[in-house]
Amino acid sequence: MKKTVEIPLGSQHISLLEPIRFRFHCENEVIRDVDADVGFVHRGVEEACASRFEFKQVGYVVARVCGLCAITHSLGYTLAVEKLLHVSTNERIKYLRMLMVELDRIHSHMLCLAHTSENAGFEALFMQIMNDRELIMDVQEALSGNRVQFDYISIGGVNRDLSVEAAALVLRNLALLEPKIDELFERFTNNWSLSLKYRGIGALSLEQAYMYNTLGPLARAAGLVTDVRLETDDFPYAQVGFEIITERGGDIYARNLVRLRELKQSMQMVRNIVEGLPEGAIQEKTKGKPEGEAIARVEAPRGELMYLVRGNKTSILERVRIKTPTFSGIPAMIEIFKGSNFADAPAILASFDPCMSCTAK
Amino acid sequence: MNKIDVSLENVVETIKAFYDPAAHHFLTLNALRAPEDQIELEWIFTRYGVIEEPTVFTLTCKRDVLIPSVTSFIPSAIMSERETVDMFGVSIEGAKRGLYLDDDSLQMPLGRCRV
Amino acid sequence: MSFWSKWRKRAPWILHYNAGSCNGCDIEILAALSPRYDLERFGVLNSGNPKQSDIFLVTGPVTYRSRERLIELYMQIPEPKVVVAVGACTATGGVFRGMYNVEDGIDRYIPVDVYVPGCAAGPQLIIDGVMEAVKIWERKTQEIEEPFKLFGGMGKIGEALSRRNTLEVKDEQNRREP
Ligand code: SF4
């Protein structure tokens, strides 16, 4: 006789923002095995990038792979193509790009924390964090002209300059946000349902993290030192005060702490970028067609994002390979689910901050 | 990037000898169509925490051979392998079809000739 | 019935389904529910249960694997129901138009009442769209309720039943006129 009970979760569920279907094989309360079906949002972007669009347009198409980290997608693609075109950008462009990526990280991490607190039963905290997040959305709108899909990065530069008023707005909103994040810190470390309850739940050990090649906050919470900002030299991250953040334990609590600390650090970096913005043009001249093969890596809010671009001297690229953070994180997620209680499944899932649109492309 | 050519016979051994779980990070398995109905596969690795160009193992082979799998020592490779199977219509040891594509979808969208 | 409908009129619950979107419109729907824009002041609640929902917010250009789910969810929502297509890619396919694994827009599968444009559709636009949907929903409710008014409408039903065969056409006109 079969000992396990199958419980499906998804593809549409209140604790899921996006369609993913799990099939938990449970023995009493404990999850023994998990099947995940991640292909619900597969659209076929990779194929379209290499056949329907010219290389100048692809940057705006790949932004539509994921709305939460749209800017890192266009940045990853643009970096790879710039390597093929042998364009080097000046410091101002690099700073402006970093600025947008860090702002994106702030709002994405806040969304994740909001979701975590909602799954812990804190409806009011969810609303509060979402409200505070609007401060960052305002900044993004003022800087780029759109709240979510800001097509800010173009090949060889950025599409808008940072005006004096916008810079003032950035600093003002960050000053408003700072005490709120401190308060969140307090909540997530001292409130029983958000902190102690989550100690030791959904834990990933350091060995497992190495074995499953985990990335981003998931790996850093387990103590694995990996961050693309540290591993590439495309951007002067050290100049703006970047330091790697790691925690121990690898449980939900540690992941929340990593996110909170990264939030604070990103805010500090944004401030440094705005204050130390170098002079220069915001667009470099580009010419020619991409030829050869290049890999670019960017740290998205959920971990490492990789673009591999191969061109053959025509305007249509030969291959665009997108490797997204959640895509490589799924084996580790399945591993974490095994052995934990079924009742914790939504909370564990929210703490991964999975992005299915990225995964399935 | 540092490219290392491997052949169908020694691909698993070469990668296994190179890969150190505590230092190397398996990025992804990439595939490309090559002329004469061949396929080019690239296993891409980077290192944790240091600035280094990615290391790429490349293999060019016929489309209809069985490609060995690296999941025995890199469990997270299963996702990229299943994706490659879906997108290019190749067969890789132990990788099932149907990660992304349904029965009535266009099969092996990246493996066919472009019009 | 009239006693309850006064309250029910302004409390439509929404069901949100992502049929292959990029997430951009989904987070804007969440933002529209959050205090800055506060869709909830209209009594709109986000529910995860199709059987309790009235307004169906769909994002994304229906991928192959989500077709079945979409129709299933649509069928499970009780009448009267209103469908709102949020975002450019939901209406026409947007950037994804013509990609191999998508159908161009949800109106190939389910009837759509309100289209919200934009990529990504802003929260203000989403609120506009939902309010438009509420109007349509009220109209649909009236249309459904009219022939079956139990309290106070009993006589009318009895009358209609007795004359059903002969005067069906005329009865139809009477019903429309008041
Ligand atoms: S309309 Fe644009 S932002 Fe909205 S889901 Fe579609 S692609 Fe994303």
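Axes are lines fitted to C-alpha atoms, for helices over the stretch in contact, and angles between N-to-C directions run from 0 to 180 degrees. This briefing concerns a predicted model, in which local features need pLDDT of at least 70 and side-chain atom pairs count only at pLDDT 80 or more, while totals for chains, interfaces and linings use all residues. Residues are numbered from 1 along each chain as its sequence is written, chains are lettered from A and ligands numbered from 1 in the order in which they are written, and side-chain values use heavy atoms, without hydrogens and water.

**Helix packing within chain A**

- Helix H10 (residues 252-275) of chain A packs against helix H12 (residues 345-352) of chain A at an angle of about 30°, with the axes 10 Å apart; helices (H or I, at least four residues) and strands (E, at least two) are DSSP runs numbered from the N terminus.
- That angle makes H10(A) roughly parallel to H12(A), given that angles under 35 degrees count as roughly parallel, over 145 as roughly antiparallel, 65 to 115 as roughly perpendicular and the rest as oblique.
- H10(A) passes H12(A) in a left-handed crossing, a crossing being left-handed if the near helix is turned anticlockwise from the far one by less than a right angle, and right-handed if clockwise.
- On the H10(A) side, Ile252(A), Arg255(A) and Arg259(A) meet Ala347(A), Ile348(A), Ser351(A) and Phe352(A) of H12(A), where contact means heavy atoms within 4.5 Å.
- The residues of this contact between H10(A) and H12(A) comprise four nonpolar, one polar and two charged; Ala, Val, Leu, Ile, Met, Phe, Trp, Tyr, Cys and Pro count as nonpolar, Asp, Glu, Lys and Arg as charged, and the others, Gly among them, as polar.

- The axes of helix H5 (residues 123-144) of chain A and helix H2 (residues 24-33) of chain C come within 9 Å and cross at roughly 115°.
- Phe126(A), Met127(A), Met130(A), Arg133(A), Glu134(A) and Met137(A) of H5(A) form the contact with Ile27(C), Glu28(C), Leu30(C), Ala31(C) and Leu33(C) of H2(C).
- Eight nonpolar, no polar and three charged residues make up the contact of H5(A) with H2(C).

**Ligand site**

- Residues from chains A and C surround the ligand, so the site is shared between chains; a residue is near a molecule or strand if one of its heavy atoms lies within 4 Å of it.
- The surrounding residues include Arg64(A) and Gln149(A), together with Cys22(C), Cys25(C), Cys89(C) and Cys119(C).
- By class, the shell around the ligand holds seven nonpolar, four polar and one charged residues.

**Chain C overall**

- Chain C has seven helices and five strands, in the order α-β-α-β-β-α-β-α-β-α-α-α from the N terminus.
- Of the 178 residues in chain C, 49% are buried, where buried means under 20% relative accessible area, exposed over 50% and partly exposed in between (1.4 Å probe, protein chains only).
- Among contacts in chain C with a separation of 6 or more, 78% join residues 24 or more positions apart.

**Loop residues of chain A**

- Asn213(A), in the loop between helix H7 (206-211) and helix H8 (216-221) of chain A, has a positive phi near 55° although not a glycine, and is buried with a relative accessible area of 0%.
- Lys313(A), in the loop between strand E7 (303-312) and strand E8 (319-323) of chain A, has a positive phi near 65° and is exposed with a relative accessible area of 53%.
- Glu279(A) lies in the loop between H10 and strand E6 (291-300) of chain A and is exposed, with a relative accessible area of 72%.
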